[in-house]
Amino acid sequence: MRTKMRIMGFKAEVIKPLNEEVATQLGSELLGEATVFVVAGGCLVLEYWRQKLQQRRQKREKRVAWDSIQDEVNHLALALEALETQMQAVAPLSALVELREQIEEVRAQLCNPDGDASDRDAPSAPQAEPTPEE
């Protein structure tokens, strides 16, 4: 009560005792305010705890999503390496296909019964020279 009097600006040295009715009223007000303060503080603490829990959950979900994306990128990198290896193996095959096509063209030119002048000027395939028998 002295504190309340000082806050209100009164400087009374002697405080008269309160009657029972006023004391009960002040006590009930103090108890009500304390109850409201405790409930509000509890709500703040619970809300803070809930927000922290939600942040942790979101952080964990983002980490899981990030890890899955990294795994997918790693998987795609391995697949790309495998495809590059296959492409390197296929390149010589395409060269073989080109050579076969050229051979077929040469055969077609050699076996052509019409016989253009340009076909006659074409160089013939080298032939093995007979070896003299002794």
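**View 1. The helices of the predicted model.** Helices are DSSP runs of H or I with at least four residues, strands are runs of E with at least two, and both are numbered from the N terminus. Welcome to a predicted model, in which local features need pLDDT of at least 70, side-chain atom pairs count only at pLDDT 80 or more, and totals for chains, interfaces and linings use all residues. Residues are numbered from 1 along each chain as its sequence is written, and side-chain values use heavy atoms, with hydrogens and water left out. The protein chain has three helices and zero strands, giving the order α-α-α from the N terminus on.

**View 2. The surface of the whole chain.** Accessible areas come from the Shrake-Rupley method with a 1.4 Å probe, and for residues only the protein chains shown count as cover. The protein chain has an accessible surface of about 13,200 Å², and carbon and sulfur atoms own 60% of that. Residues are called buried under 20% relative accessible area, exposed over 50% and partly exposed in between (1.4 Å probe, protein chains only). How many of the 134 residues count as buried? The share comes to 0%.

View 3. A salt bridge here is a side-chain nitrogen of Lys or Arg within 4 Å of a carboxyl oxygen of Asp or Glu. By this rule there are two salt bridges. In one, the side chains of Glu47 and Arg50 meet with N to O at 2.7 Å. Glu47 and Arg50 lie three residues apart in helix α2, so about one helical turn separates them. Glu47 is partly exposed at 36% relative accessible area, and Arg50 is partly exposed at 40%. Glu104 also forms a salt bridge, with Arg107, and the closest N and O atoms are 3.5 Å apart. Because Glu104 and Arg107 are three residues apart in helix α2, they too are separated by about one helical turn. Glu104 is partly exposed, at 47%.

**View 4. Charged and nonpolar patches.** Patches are made of residues with over 30% relative accessible area and no salt bridge, joining like charges within 9 Å and nonpolar side chains (Val, Leu, Ile, Met, Phe, Trp, Tyr) within 5 Å. Lys and Arg count as positive and Asp and Glu as negative, while His and the chain ends are not counted. Each charge is placed at NZ of Lys, CZ of Arg, CG of Asp or CD of Glu. Lys52, Arg56, Arg57, Lys59, Arg60 and Arg63 form a surface patch of positive charge. Arg57 sits in helix α2 and is partly exposed at 40%. Val90, Leu93, Leu96 and Leu99 make a nonpolar surface patch of about 350 Å². Val90 belongs to helix α2, residues 20-110, and is partly exposed at 41%.

View 5. A disulfide is taken as a pair of cysteine sulfur atoms within 2.5 Å, and the structure holds zero of them. Cys43 is partly exposed at 47% relative accessible area, whereas Cys111 is exposed at 60%.
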